[in-house]
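Look at the structure below with its sequence at hand. This report goes through a loop, a helix, the nonpolar cores and a pocket.

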Amino acid sequence: MKIIKEIKTYLEENSHEDIHIVTLVRQFGINEFKLKTIFKQVYGITVMRYLRKCRMDRAQDMLVNTDLEIKEIAFLIGFKYAHHFSKVYQAHFHVLPKDARGHIYDNLLINKS
């Protein structure tokens, strides 16, 4: 259980890196089947989906709190191509990153009123 928590923390802190299951297995000395099974049992999500969630949460934070270009955000969270990032972001949040920036800003203004 300790190793699973360490892996979760590692994913959160290093979500911008190119992380693969094989890398995690080797780095943390855990069987791949155990990692996948226990992680899903404990957190209710697969390891790779959790990694994607970490990346998307970080991207959303950058969209709200920075003026970085979308291609820069894509690169900073671990995507090589902005168009791939946009597709993944849209699948996750159901809005394109370029539209999210304005939408999030509008919602913040409405909520402050």
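H94 is found in the loop between α6 and α7, the latter covering residues 97-112. The model is a predicted one. H94 counts as exposed because its relative accessibility is 70%, and exposed means over 50%.

G29 lies in the loop between α2 and α3. With a relative accessibility of 62%, G29 also counts as exposed. G29 and I3 are 26 residues apart in sequence, and their C-alpha atoms are 8.8 Å apart in space.

| Residue | Relative accessibility | Class |
|---|---|---|
| G29 | 62% | exposed |
| H94 | 70% | exposed |

Within α6, the residues F85, S86, V88 and Y89 are buried.

In soluble globular proteins, nonpolar side chains tend to be buried together. The largest nonpolar core here has 16 residues, and I7, L11, L24, L35 and V47 touch the most other members. What does L35 touch, not counting residues up to four places away in sequence? The contacts of L35 are I4, I7, I21, L24, V25, I30 and V47. Another core, of twelve residues, lies apart from the largest one, and M56, M62, A74 and V88 are among its members. V88 is also one of the buried residues of α6.

The last topic is empty space. Rolling a probe the size of a water molecule over the atoms shows where such space is left. The largest pocket holds about 270 Å³ of space. It is lined by 13 residues, of which D18, R55, G78, F79 and H84 are the closest to its centre. Which element gives the most to this lining? α4 does, with four residues. By class, the lining has five nonpolar, three polar and five charged residues.

Conventions:
Residues numbered from 1 in each chain as written. Predicted model: local features only at pLDDT ≥ 70, side-chain atom pairs only at ≥ 80, totals over all residues. Heavy atoms only, no water. Core = buried A, V, L, I, M, F, W, Y, C linked by side-chain atoms within 4.5 Å. Buried < 20%, exposed > 50% of the residue type's maximum accessible area, 1.4 Å probe, protein only. Contact = heavy atoms within 4.5 Å. Helix = DSSP H or I, 4+ residues; strand = E, 2+ residues; numbered from the N terminus. 1 Å grid on protein atoms, 1.4 Å probe; cavity = no way out; pocket = protein on both sides within 12 Å on 5 of 7 lines; lining within 4 Å. Points joined across faces, edges and corners; volume = space filled by probe spheres on them. Nonpolar A, V, L, I, M, F, W, Y, C, P; charged D, E, K, R; others polar.
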